[in-house]
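Work through the exercises below with the structure open. Each task is followed by a solution in steps.

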Amino acid sequence: MYINGIPLVDLKANYLSIKEEIDSTIKNIIDSNSFIMGKPVRDFEKEYAEATASDFCVSTSNGTSALLVALQAIGLKPGDEVITVPNTFIGTAEPVTLLGGKIKFVDVDKKTLLMDPEMVEKDINKKTKAIIPVHLFGQMADMGAIKEIADKHGLRVIEDAAQAHLATFKGKQAGYYGDIACYSFFPAKNLGCFGDAGAITTNSQEYAQKMAMLCDHGRITKYEHLMEGFNFRMDALQAAILSVKLKHLGKWTELRRKNAKIYNELLPDDVQKPFEAEDRKHVYYTYQIMAENRDALLNYLNQQGISCGIYFPLPLHLQQAYKYLGLKKGSFPIAEESCGKLLALPMFPELGEENIKYVCDKIKGGIKNVL
Ligand SMILES: *Cc1c(COP(=O)(O)O)cnc(C)c1O
């Protein structure tokens with residue numbers, strides 16, 4: 001398979017590896033004629049809580065809505081400040097503003113490119129309500145230090161784990177150090193469905209009950225609404241598909257880690273490889289190198305039949321959407337520099353060693369030719 005024409009991700013290969021299981025599951029849901037809530041959704045919630053070692057899991061319509069109800073559950077009020085990082089997807093920040101909160105970006109650690117706890121502490125004031133660390137690319141932020149700071153100042157921690165299914169910090173998954181963890185099951189994520197879906201995990205029964213209610217119009221029974229909520233429910237079809245895929249997630253995660261190891265061994269030293277901190281298990285949602293002349297290398301690799309990706313070319317504070325914050329270029333130098341240098345190489349469980357070798361050879365050639 002491949003060698004020339006290597007995709008960045010291959011959802012088709014993933015589907016084909018479990019086609020029969022998936023097809024029969026989809027057929028069962030269609031035959032049952034029950035598409036909203038019901039047993040498939042409850043079953044998946046139980047299974048995902050168990051897989052993430054959490055007491056509770058609340059299914060949602062996507063990762064962004066998961067973050068929104070999490071922020072509502074902790075009682076975010078207009079004017080409250082929330083600290084997060086600028087090198088992330090806009091879905092991390094949108095829910096804060098939607099609830100009337102104010103986003104405070106902080107720069108990231110130079111090695112891991114994850115939230116720098118020292119920067120967090122500097123930005124805390126009387127209005128600060130919560131911290132949203134982002135477990136970017138599949139590696140958890142320094143949750144020990146972040147939790148310590150949060151406890152010292154009485155802040156809540158909501159983990160954006162949309163890219164970090166089964167990742168650990170000191171052996172613990174998202175939702176252990178933080179109050180709430182939010183996941184996305186967007187098709188390309190490590191655990192992806194066939195559309196949009198997400199989940200929230202927590203060890204707090206109070207938060208779990210409130211978030212479940214908010215996701216289903218504030219209902220306590222079919223006709224009784226305790227509060228106003230949303231329609232942020234997960235489809236039964238997506239839940240059933242996710243239950244099938246969850247059984248394979250551990251194995252797929254190990255394949256991603258194995259692929260990363262091969263990359264680490266074969267890539268030349270002229271490119272900077274991803275840094276995996278010793279106390280963490282990285283699940284390689286993406287495998288990202290840093291190169292000085294990134295765009296030229298990207299073009300070169302595309303010409304050699306290798307698809308690469310750039311996440312994210314522009315940090316959030318420099319996007320038009322956040323112009324109103326008045327943050328200039330240079331505000332967060334480490335995040336900004338990484339956005340200009342990072343290049344995501346093909347990474348998915350089914351990518352074989354031969355293909356990785358081909359990519360690494362071409363990168364060596366690319367360094368000679370364009371860097
Ligand atoms: C994917 C993603 C989200 C949003 O998830 P959706 O399911 O697409 O709404 C939020 N944060 C991060 C870091 C993500 O990668």
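**Exercise 1: the largest cavity**

The largest cavity has a volume of about 160 Å³. The model is predicted. Task: find which residues lie closest to the centre of the largest cavity, and which domains line it.

Solution. 
- Step 1. The lining is made up of 18 residues, and those closest to the centre are Thr112, Leu113, Pro274, Phe275 and Gln288.
- Step 2. Strand β12, residues 287-290, gives the most to this lining, with four residues.
- Step 3. Sorted by class, the lining of the largest cavity holds 10 nonpolar, six polar and two charged residues.
- Step 4. Domain 1 (12-106 + 113-242) and domain 2 (249-370) both give residues to the lining, so the largest cavity lies between them.

**Exercise 2: the second largest cavity**

Task: the structure holds four cavities of 30 Å³ or more.

Solution. 
- Step 1. Helices α1 (11-17) and α9 each supply at least two residues of the lining.
- Step 2. The classes in the lining of the second largest cavity are six nonpolar, three polar and five charged residues.
- Step 3. Residues of both domain 1 and domain 2 occur in the lining, so the second largest cavity lies between these domains.

**Exercise 3: a residue of helix α9**

Task: is Asn259 buried or exposed, and which residues does Asn259 touch?

Solution. 
- Step 1. Asn259 lies in helix α9, which spans residues 236-266.
- Step 2. The relative accessible area of Asn259 is 4%. Buried means under 20%, so the residue is buried.
- Step 3. Leaving out residues up to four places away in sequence, Asn259 touches Met347, Phe348, Pro349, Leu351 and Ile356.

**Exercise 4: the cysteines**

Task: how many disulfides does a search of the whole structure find?

Solution. 
- Step 1. The search finds zero disulfides.
- Step 2. For Cys182, the nearest cysteine sulfur is that of Cys215, 9.8 Å away. A disulfide needs two cysteine sulfur atoms within 2.5 Å, so Cys182 is in no disulfide.
- Step 3. Cys308 is likewise in no disulfide, and its nearest cysteine sulfur, that of Cys360, is 11 Å away.
- Step 4. Cys182 is buried, with a relative accessible area of 1%, and Cys308 is buried at 14%.

Conventions:
Residues numbered from 1 in each chain as written. Predicted model: local features only at pLDDT ≥ 70, side-chain atom pairs only at ≥ 80, totals over all residues. Heavy atoms only, no water. Buried < 20%, exposed > 50% of the residue type's maximum accessible area, 1.4 Å probe, protein only. Contact = heavy atoms within 4.5 Å. 1 Å grid on protein atoms, 1.4 Å probe; cavity = no way out; pocket = protein on both sides within 12 Å on 5 of 7 lines; lining within 4 Å. Points joined across faces, edges and corners; volume = space filled by probe spheres on them. Nonpolar A, V, L, I, M, F, W, Y, C, P; charged D, E, K, R; others polar. Domains from an automatic or database assignment.
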